[in-house]
Amino acid sequence: MSYNLLKGKRGIIFGALDENSIAWKTAERVHEEGGTFVLTNAPIAMRMGSIKDLAAKTNSEIIPADATKVEDLENLVEKAVEILGGKIDFVLHSIGMSVNVRKGNHYTDMNYDFTTKGWDVSAVSFHKTMQVLYKKDAMNEWGSIVALSYMAAQRVFPDYNDMADNKAYLESIARSFGYFFGKDKKVRVNTISQSPTPTTAGQGVKGFDGFIAFAEKMSPLGNATAQECADYTITLFSDLTRKVTLQNLYHDGGFSNTGVSQEVMEAFTEDK
Ligand SMILES: NC(=O)c1ccc[n+]([C@@H]2O[C@H](COP(=O)([O-])OP(=O)(O)OC[C@H]3O[C@@H](n4cnc5c(N)ncnc54)[C@H](O)[C@@H]3O)[C@@H](O)[C@H]2O)c1
């Protein structure tokens, strides 16, 4: 169903790799709601993924940018404003990657070059993106910037590895930069803490299948899907949530506030 919630709004969407990506589903929903945008991803993802299909489907242009490179981000923002014909109303940062996770390094045996790289891609890139938007004064008043997070920022999930630390840093950047963006430009900044979701990044986490099944059984409403995350994100891009800022918003079917569920109890209760 479409409500024309984003009619006339312009944006930048980072991180659509394939049709499972949260950013892909969000781009489709934004398009349905009347928003226009440019798509961006790391140059290497252009070769791996199918972003061109999404661009054709949503009448969007693609501007490659490595989100760790400030010069790429400057080019992206300049071109986006030019192509879209005005300042930006919404930005989705949907980027995450840990080299330690990819290489199977345990949290107690990190390679710190990999740690630094993952931190730069997954967390500092959010600061870089906002700093470029801020300095270029490229956001419209009452614009909205959203990044995606996970609850391992608050609680221990052993196999989430250094991504837990990256997400904690990302959420802190949202608050700190959100303060200045709010004060100076009336722009809101939030993170969405999403359920485990079967995407390329999600499935990279060790033991993902068990993990997603456990979360499903723990959450009173079940896991939130990528499609549902897209639905939630467009509300944050719309004018209906103008005073929501500096928040980490759980979108997880209630998982984060559940101590234990009946189903999980039953799995540990012997029949007498
Ligand atoms: N899948 C899950 O279980 C889950 C749960 C909570 C939060 N998240 C977060 O959602 C976001 C999106 O991930 P997803 O699950 O849709 O997976 P995904 O693999 O589809 O998306 C990750 C994206 O990051 C991009 N990326 C990596 N390095 C980059 C760089 N240097 N510059 C620009 N882009 C780069 C990739 O190309 C890819 O498009 C991430 O922040 C992820 O941590 C995912």
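**View A. Helix α7 over one end of the strand order.** In this predicted model, helix α7, spanning residues 163-185, lies across β5, β6 and β7. Its direction makes an angle of about 155° with β6.

View B. Seven strands make up an open sheet, and the pairing is parallel. Reading across, the order goes β3-β2-β1-β4-β5-β6-β7. Which strands sit at the edges? They are β3 (61-62) and β7 (248-251), each of which pairs on one side only. At the β3 end, the neighbour is β2 (residues 36-40), and the two pair in the parallel sense over two bridges. Look for Val38 there: its bridge partner in β3 is Glu61.

**View C. Strand β2, covered on both faces.** Zoom in on β2 and you'll find five of its five residues buried, so the strand counts as mostly covered. As a rule, side chains in a regular strand alternate between the two faces of the sheet. In β2, one side carries Thr36, Val38 and Thr40, the other Phe37 and Leu39, and all of these are buried. On to the pairing with β1: β1 and β2 run in the parallel sense and share five bridges. Phe14 is the residue standing opposite Thr40 of β2.

View D. Helix α1 takes in residues 22-32 and lies across β1 (10-14), β2, β4 (88-93), β5 (139-149) and β6 (188-194). Relative to β1, α1 runs at about 160°. Two of the strands it crosses, β4 and β5, pair in the parallel sense over five bridges. In that pairing, Val91 stands opposite Ile145 of β5.

**View E. Strand β5, well wrapped.** How many of the eleven residues of β5 are buried? Eight of them are, so β5 is largely enclosed by the rest of the structure.

View F. Ser193 belongs to strand β6. Is this residue buried or exposed? With 22 other C-beta atoms within 10 Å, Ser193 is buried, because the cut-off for that is 20 or more. Leaving out residues up to four places away in sequence, Ser193 touches Ser149, Tyr150 and Met151, and also Asn248, Leu249, Tyr250, His251 and Asp252. Tyr250 is worth a distance label: its C-alpha atom and that of Ser193 are separated by 4.6 Å, though the two residues are 57 apart along the chain.

**View G. Where α4 meets α6.** Helix α4 (residues 70-84) packs with helix α6 (residues 112-135), their axes 9 Å apart and at an angle of about 45°. The pair is therefore oblique, and the crossing is right-handed. On the α4 side, the contact is made by Val70, Leu73, Glu74 and Val77; α6 brings Lys128, Thr129, Val132 and Leu133. By type, those residues split into five nonpolar, one polar and two charged.

Methods: Residues numbered from 1 in each chain as written. Predicted model: local features only at pLDDT ≥ 70, side-chain atom pairs only at ≥ 80, totals over all residues. Axes fitted to C-alpha atoms, helices over the stretch in contact; angles between N-to-C directions. Helix = DSSP H or I, 4+ residues; strand = E, 2+ residues; numbered from the N terminus. Parallel < 35°, antiparallel > 145°, perpendicular 65-115°, else oblique. Left-handed = near helix turned anticlockwise from the far one by under 90°. Contact = placed C-beta atoms within 7 Å. Nonpolar A, V, L, I, M, F, W, Y, C, P; charged D, E, K, R; others polar. Pairing = 2+ DSSP bridges. Buried ≥ 20, exposed ≤ 12 C-beta atoms within 10 Å, placed from the backbone.
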